[in-house]
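Thank you all for coming; I would like to walk you through one structure this morning, going from its helices to its sheet and then to its charged residues. Please have a look at it first.

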Amino acid sequence: AALKHVELAEYNPFEVVQTNVIGAQNLINSALKYNVQKVIALSTDKASSPINLYGTTKLVSDKLFIAANTYSKKTKLSVVRYGNVNFSRGSIMPKLIKQNFEKKPFYLTDPKMTRFCINLEDAIKFVLNSHKKMQGGEIFVPKLKSYRLIDLAKAINNNTKIVVTGIRPGEKIHEEMITI
């Protein structure tokens, strides 16, 4: 489990640290204590060069999972990192579709903003495949497509008015999957 919304994290920092960092460490401790064979953590593109608290807590979580491999020969821990899951809670796609259905303008933070995307089925397949391959200590990153949010909006309805609202606290114009 994780608290995964950038804006929520910026306004509730202690809750996010408790869930994403301390919760991750609790899970690791339990896996090591009970000799769980394999553990794979789900991460996010926001953990790569984070500029917000959510991304920072997920980066710390990633590092905790990777470092935990030094404490056990029985338990192997790895991380899977991917982008936004299409149509998941908080995803922009359902919001734009709803705004289109209600004949409202599309609200976008910045016309240049891009996001990586993956559908739920591909995310599940990637996690399961990574779990099979893992030796412990890897961060698995799929090659994902990205899109400009404005292109997504235009694909839903090219005739709808677009209102640019500006970047919210902690948001990036462009996410990245790995730190260079």
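Let me begin with a definition: two axes count as roughly parallel at angles under 35 degrees, as roughly antiparallel over 145, as roughly perpendicular from 65 to 115, and as oblique for the rest. This is a predicted model, in which local features need pLDDT of at least 70 and side-chain atom pairs count only at pLDDT 80 or more, while totals for chains, interfaces and linings use all residues. Residues are numbered from 1 along each chain as its sequence is written, and side-chain values use heavy atoms, with hydrogens and water left out.

As an overview, the chain has 6 helices and 8 strands, where helices (H or I, at least four residues) and strands (E, at least two) are DSSP runs numbered from the N terminus. The C-alpha trace spans about 60 × 35 × 30 Å along its principal axes. Of the 180 residues, 41% are buried, and by buried I mean under 20% relative accessible area, with exposed being over 50% and partly exposed in between, for a 1.4 Å probe and protein chains only.

Now to the helices, where the axes of α2 (residues 13–33) and α3 (residues 53–67) come within 9 Å and cross at roughly 10 degrees; axes here are lines fitted to C-alpha atoms, for helices over the stretch in contact, and angles run from 0 to 180 degrees between N-to-C directions. The two helices, α2 and α3, are therefore roughly parallel to each other. Residues in contact, which means heavy atoms within 4.5 Å, include V16, V17 and L27 on the α2 side and L53, V60 and F65 on the α3 side.

What order do the strands of the open sheet take? The 3 strands run β3-β5-β7, with mixed pairing, and two strands pair if DSSP finds at least two bridges between them. Since β3 (84–85) and β7 (145–148) stand at the edges with a single partner strand each, one side of each is left without a neighbour in the sheet. The pairing of β3 with β5 (residues 114–118) is parallel, over 2 bridges, and V85 has I118 in β5 as its bridge partner. Across β5 and β7 lies helix α6 (residues 149–156), which runs at about 75 degrees to β7.

Finally, the charged residues. Side chains of opposite charge can pair when their charged atoms come close. With a salt bridge taken as a side-chain nitrogen of Lys or Arg within 4 Å of a carboxyl oxygen of Asp or Glu, the count comes to 11. One of them joins R168 and E7 at 3.6 Å, N to O, and this pair links distant parts of the chain, with R168 in the segment after β8 (162–164) and E7 in helix α1 (residues 6–11), 161 residues apart. R168 counts as partly exposed because its relative accessibility is 38%, and E7 is partly exposed at 33%.

Another salt bridge is formed by K46 and E175, at 3.5 Å, N to O, and both of these residues are buried. Salt bridges that share partners join D45, K46, R115 and E175 into one network.
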